[in-house]
Amino acid sequence: MLMMTSGMFQNYFLPGIWITIQVTLYSAALAAVVAFTIGTLRTSRLWIVRFLAGAYFEIFRGMSALVMLFWLAFSLPLILQWQLVPMYAGVLALGLTYGAYGSEVVRGALAAVPVAQREAGVALGFSRAQRLRRIEIPQAWPEMVPPFNNLLIELLKGTALVSVIGVADMTYAGNLVRLGSNESAPVYTLLLVLYFAMAFVLTRGMRVVERAAKAGVGQAPALKFPLRVGGGAR
């Protein structure tokens, strides 16, 4: 029985980590575009635009990302007579699905912008696009970052799904090493540690983004140790 070695980590896990990072970044970029597009369209004054954007949100929120992944990888090629690269199928499935979740974050944050801010933009003669770009999105952005952080972590963990269609991410690499070494506990424990480490790095990075977003609109960051009012300890 072979044991898991450093060579296996270098030859399997390291390339898998890089593939996981790529899938996460590409899917997050697509999800961000979808989230802001659908989220802003759901605040449109035109009912047909709100209806179509809402329909997208409801459809993708109600579908399984895994089933969507299978459909893009195995069913769509039969319809189009054109094979989609497995990694791109994974990026599309994750980006479209998590983009739908993110659109609700965008819509809710935009709806929370004070009416007076929007009315000020109207008084200044700004168009709808100008109000979004100059007033509403900058005001709503600090409120979007924390839920976006949660979605990004969920997206990172969701990248493990791409292993089922042959994308050589960390989970795929771990399964290969498990089959070659017949060691399940060390392999899956290592996978848990790797996903946690990547999620931790993403969380710390998003905390920096959150502080910068709040500073951009004049919000003071929360104190880790709130000052006691009325004197010191008794």
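Predicted model: local features only at pLDDT ≥ 70, side-chain atom pairs only at ≥ 80, totals over all residues.

Reader: Which residues of helix 7 are buried?

Author: An α-helix has 3.6 residues a turn, so residues three or four places apart point the same way. In helix 7, the buried residues are Met170, Thr171, Ala173, Gly174, Val177 and Ser181. Viewed down the axis of helix 7, these buried residues fall within an arc of 155°, so they line one face of the helix.

Reader: What follows helix 7?

Author: Asn182 comes after helix 7, and its phi is positive, near 60°.

Reader: How are two packed helices described?

Author: One gives the angle between their axes and the distance between the axes. Here, helix 6 (residues 128-158) and helix 8 (residues 184-216) pack at about 170°, with axes 9 Å apart. Angles over 145 degrees count as roughly antiparallel, so helix 6 is roughly antiparallel to helix 8.

Reader: Which residues make the contact?

Author: Helix 6 contributes residues including Trp141, Phe148 and Leu152, while those from helix 8 include Tyr195, Met198 and Leu202. By class, this contact of helix 6 with helix 8 has 15 nonpolar, two polar and two charged residues.

Reader: How many helices and strands does the protein chain have?

Author: The protein chain has eight helices and zero strands. Of its 234 residues, 38% count as buried.

Conventions
Residues numbered from 1 in each chain as written. Heavy atoms only, no water. Buried < 20%, exposed > 50% of the residue type's maximum accessible area, 1.4 Å probe, protein only. Helix = DSSP H or I, 4+ residues; strand = E, 2+ residues; numbered from the N terminus. Arc of directions from axis to C-beta. Axes fitted to C-alpha atoms, helices over the stretch in contact; angles between N-to-C directions. Parallel < 35°, antiparallel > 145°, perpendicular 65-115°, else oblique. Contact = heavy atoms within 4.5 Å. Nonpolar A, V, L, I, M, F, W, Y, C, P; charged D, E, K, R; others polar.
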